[in-house]
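Please keep the sequence and the structure in view while reading.

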Amino acid sequence: MNFLIYYFLILAEFCRAGLPRTKSKVLHIGATFPISGKEGWQGGQACQPAVRLAFSDVNSRSDILRNYELKLHWNDSECEPGLGATVMYDLLYNDPTKVLLLAGCSTVSTTIAESAKMWNLLVVSFGGSSPALSDRARFPTLFRTHPSATVHNPTRVKLIQMFGWSRIAILHHTQEVFTSTITDLESKCREVGIEIIARQSFMQEATDAVRNLRRQDARIIVGLFYVAAARKVLCEVYKQGLYGKQHVWFFIGWYEDNWFEVNLEAEGIQCTKEEMRMAAEGHFTTEALNWNQDKQRTISGMTVDDFRRRLHLALKNSGYDIDHGRYPEGYQEAPLAYDAVWATALALNKSAERLAKKGILLEDFNYNDRVIGNEIHSAMNETSFLGISGSVAFNFKGERIALTMVEQLQDGKYVQLAYYDTQTDNLTWLHKERFFGGKAPQDRTIIKEVLRTVSGPLFSAMTAVATIGAATACVVLIVNLVFKDHRSIVTSEFGCLTFLLVGVILLFLAVVLLGIDGRLVNQVQFLWICQGRAWTLATGFSFGFGSLFALVWKARMIVVNSKAKPKKRQQNMTSPALIPLGFVAVDIVLLSVWYFIDPLRRSVESFPLEEPTDFTEDLLIRPLMEHCESKNQTTWLGILFGYKSLILVLGIFLAYETRGTKSRQQDARLAGMAIYNVVVLGLITGPVSLVIASQPDASFAFSTLAIAFCSWISMAIVCVPKIVSIVQNPSSMGLLENSTSPAAKAAIRNDEEKLQRLLSENERLEKLIAEKDEKIMLLRQKIKERELTSKNGQALTTSK
């Protein structure tokens with residue numbers, strides 16, 4: 001019973017496949033296989049056994065090419081276009097006549113397909129992926145079961161978008177298949193807004209190209225090259241450190257699974273297997289789906305598993321260690337080569353039937369016969385079947401329509417992540433991806449722009465100092481107004497004191513404005529802050545220093561007036577309070593012209609990149625600092641500072657000239673002390689502020705402390721003595737109760753001026769008396785010397 005069952009199963013199998021029988025006619029097929037070369041794709045190592053299986057299976061079928069047997073004539077092209085052309089010419093110029101050609105890698109397929117049209121020959125490529133082969137005008141008789149390399153680009157773009165990357169780099173070998181693929185990839189990236197920061201290419205050595213990627217901070221890198229070059233690239237990737245948690249590589253998916261750890265010594269790769277594994281870990285591959293994913297039987301009667309077992313047996317017989325996962329190059333493309341033979345057989349079968357109806361025999365084909373050649377071409381266009389590589393059909397360009405698969409190397413093994421149908425834009429994601437650190441890396445080192453601002457505590461502290469100073473100045477101003485009839489105020493300059501306090505208030509306001517930056521206000525508000533800083537500093541200085549200047553100027557004029565002859569003395573000098581008002585008027589004119597002609601704008605200064613203090617990965621800090629600038633700022637500041645510097649120099653001169661003035665009020669001497677204080681601090685603050693301008697805290701603290709210190713000292717030196725006088729002698733108000741009219745106050749001031757002149761005259765007379773006394777002493781000394789000389793002469797005479 002068991003024997004009968006086995007017999008019927010064998011009989012059923014023969015009925016399905018067709019009993020093998022002798023076919024009377026032979027159709028000769030020429031082929032080139034890249035097998036023993038050192039460069040390019042040597043996929044013929046696995047594709048040639050697959051083609052032999054296909055020829056055997058086709059020839060065993062009675063329902064396909066009933067009266068014909070296919071015979072293979074082939075040679076090794078080594079994936080060299082020159083050698084491939086030689087092989088083709090040998091096949092064509094040596095009998096028998098070939099009705100069709102099979103070709104391997106892209107470079108050889110290009111050479112053969114471009115020439116085959118001259119012989120009316122159809123070319124079926126099982127390994128040509130170059131996008132250039134899609135040019136129907138250049139390759140009118142080419143069909144390929146291997147999808148174009150551009151079929152990977154939509155998948156790559158889809159993955160890049162899915163992981164949120166918008167910045168990639170490209171590294172490729174200078175082969176037409178890769179350069180044309182990259183051109184297509186660049187076009188697709190531009191369509192979706194993906195930036196290509198670098199496109200590096202190489203011919204032999206990839207060292208410089210990989211180094212350039214590192215210099216350009218490339219993180220997401222698409223690599224296109226044959227497997228031998230891929231091993232060189234991967235070793236250099238390890239040496240340059242372009243792997244790990246900060247980098248993602250996209251490689252071609254048709255490399256063998258262990259490509260990164262084989263042939264290292266033979267190819268002179270200076271990296272160990274462990275180093276190569278480290279550099280390769282985590283990379284993505286995209287490849288056309290070369291193996292049918294269904295378990296159903298194909299046109300050959302086999303399932304994919306059946307084909308795999310037969311192929312493994314054939315490879316073992318060829319000496320490959322399949323049991324230990326040592327697959328030859330081209331193993332992934334073996335189904336494409338197998339289906340290329342079936343596509344050829346089906347096209348020839350259909351052509352034979354159609355030609356028979358026209359009374360033409362397929363075996364009569366010759367290289368000048370366009371009729372048979374066109375018939376084979378037409379039949380190939382219509383070919384469609386389920387093969388080992390999946391559904392086989394060709395579009396109008398002769399290209400294979402296929403799905404793409406995404407894999408990732410995890411722990412040294414490729415794991416399937418997704419399938420992508422470019423026709424329907426359907427991505428089937430399996431959620432098996434794995435990244436170092438548990439998340440996808442960034443596509444760049446993130447540059448975080450951080451505005452350098454004044455620290456909150458420092459700004460708060462200086463605001464408090466400025467607020468207290470301004471409040472104090474307001475209190476003193478009120479006291480000055482309330483006690484304006486007090487003798488200590490009347491005998492001084494009420495207007496100068498008032499303007500001094502107003503200037504101090506404006507300078508304290510400037511301290512606050514100097515600390516307000518982008519941390520507290522927006523850009524529009526910052527423009528007003530810029531103007532406010534300029535106006536408060538300029539007018540505050542003019543009011544404050546102008547008042548001090550007026551006080552010493554008044555003292556100087558009194559001294560000059562006292563020394564002048566009575567007829568030339570000025571009885572009514574100009575009020576000193578007009579001096580600070582004049583300075584402020586100049587500021588208003590200058591600042592107004594500046595504002596309308598070349599207004600201040602917000603500018604941002606950029607500093608070199610810095611590493612964050614918290615060691616955040618892929619993050620660098622670009623410090624920025626706001627400034628108030630205008631186009632011709634140097635010119636405007638030169639005018640303003642030149643004018644202010646002239647006032648400072650003149651103020652020092654007047655303070656020096658009036659240093660010995662004796663006055664009951666001593667306003668000039670106190671104002672001179674305040675002027676020295678302002679000048680010294682100004683000379684220190686200016687240069688230091690330029691040196692530390694890029695350090696907001698230091699610059700703000702130094703500048704505002706100088707302004708606050710000058711304001712406090714000036715206010716204290718000039719106003720404290722008057723407040724003390726008011727506190728100690730409040731009754732002085734009573735003495736002036738009947739003299740509050742302007743005429744009375746003017747009389748008092750005239751008395752003060754007369755007193756000052758008398759004091760000056762007294763000082764002059766004292767100096768004159770001192771000079772006379774000195775002359776008298778000299779005369780007395782000479783008299784004594786003469787008396788002594790006379791006595792000595794008399795004594796000498798007596799002795800004689």
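**Helix H6 and its surroundings**

The buried residues of H6 pack against helix H4 (106–116), helix H5 (152–162), strand S6 (167–173), strand S7 (195–202), strand S8 (220–224) and strand S9 (248–252). Here a contact means heavy atoms within 4.5 Å; helices (H or I, at least four residues) and strands (E, at least two) are DSSP runs numbered from the N terminus. This is a predicted model, in which local features need pLDDT of at least 70 and side-chain atom pairs count only at pLDDT 80 or more, while totals for chains, interfaces and linings use all residues. Residues are numbered from 1 along each chain as its sequence is written, and side-chain values use heavy atoms, with hydrogens and water left out.

Which residues of H6 are buried? They are Val177, Phe178, Ser180, Thr181, Ile182, Leu185, Glu186 and Cys189, where buried means under 20% relative accessible area, exposed over 50%, and partly exposed in between (1.4 Å probe, protein chains only). An α-helix has 3.6 residues a turn, so residues three or four places apart point the same way. The 17 residues of helix H6 (residues 176–192) should span 24 Å at 1.5 Å a residue, and the end C-alpha atoms are 25 Å apart, which agrees. The expected span is 1.5 Å times one less than the number of residues in the helix. After H6 comes Gly193, with a positive phi near 80°.

Ile372, Gly373, Glu375, Ile376, His377, Ala379 and Met380 are the buried residues of H12. Their cover includes strand S3 (98–105), strand S4 (122–127), strand S5 (142–144) and helix H11 (334–357).

Attention now turns to the backbone. Most residues other than glycine have a negative phi, and most peptide bonds are trans. Between Asp95 and Pro96 the peptide bond is cis, with omega near 0°; Pro96 is placed in the loop between helix H3 (81–93) and S3. Cys79, in the loop between strand S2 (68–76) and H3, has a positive phi near 60° although it is not glycine. His431 also has a positive phi, near 60°, and is a residue other than glycine; its place is in the loop between strand S15 (426–429) and strand S16 (446–451). Are these two residues buried or exposed? Cys79 is buried, with a relative accessible area of 6%, whereas His431 is exposed, with a relative accessible area of 63%.

Ile675, in helix H19 (residues 667–691), counts as buried because its relative accessibility is 0%. Leaving aside residues up to four places away in sequence, Ile675 touches Phe545, Leu548, Phe549, Val552, Gly651 and Ile652. The C-alpha atoms of Ile675 and Leu548 are separated by 6.8 Å, although the residues are 127 apart along the chain. Thr498 belongs to helix H15 (residues 494–515) and is buried, with a relative accessible area of 15%. With residues up to four places away again not counted, Thr498 touches Leu477 and Asn480.

On a 1 Å grid over the protein atoms alone, a cavity is a set of points where a 1.4 Å probe fits but cannot get out, and a pocket is an open set with protein on both sides within 12 Å along at least five of seven lines; lining residues have an atom within 4 Å of a point. Grid points are joined across faces, edges and corners, and a volume is the space filled by probe spheres set on the points. The count comes to seven cavities of 30 Å³ or more. The second largest cavity holds about 120 Å³ of space. Its lining has 16 residues, and Gly244, His247, Val248, Glu281 and Gly282 are the closest to its centre.

The second largest pocket has a volume of about 460 Å³. Among its 20 lining residues, Gln45, Arg231, Asn263, Glu267 and Glu329 are the closest to its centre. Helix H8 (residues 227–240) gives the most to this lining, with three residues.

Finally, pLDDT is the predictor's confidence in each residue, from 0 to 100. The protein has a mean pLDDT of 83, and 86% of its residues reach 70 or more. The pLDDT is below 50 over residues 1–21, a stretch with 14 contacts in the model beyond near neighbours in sequence. It is also below 50 over residues 566–572, where eight such contacts are present. Where pLDDT is low, the predicted coordinates should not be read in detail.
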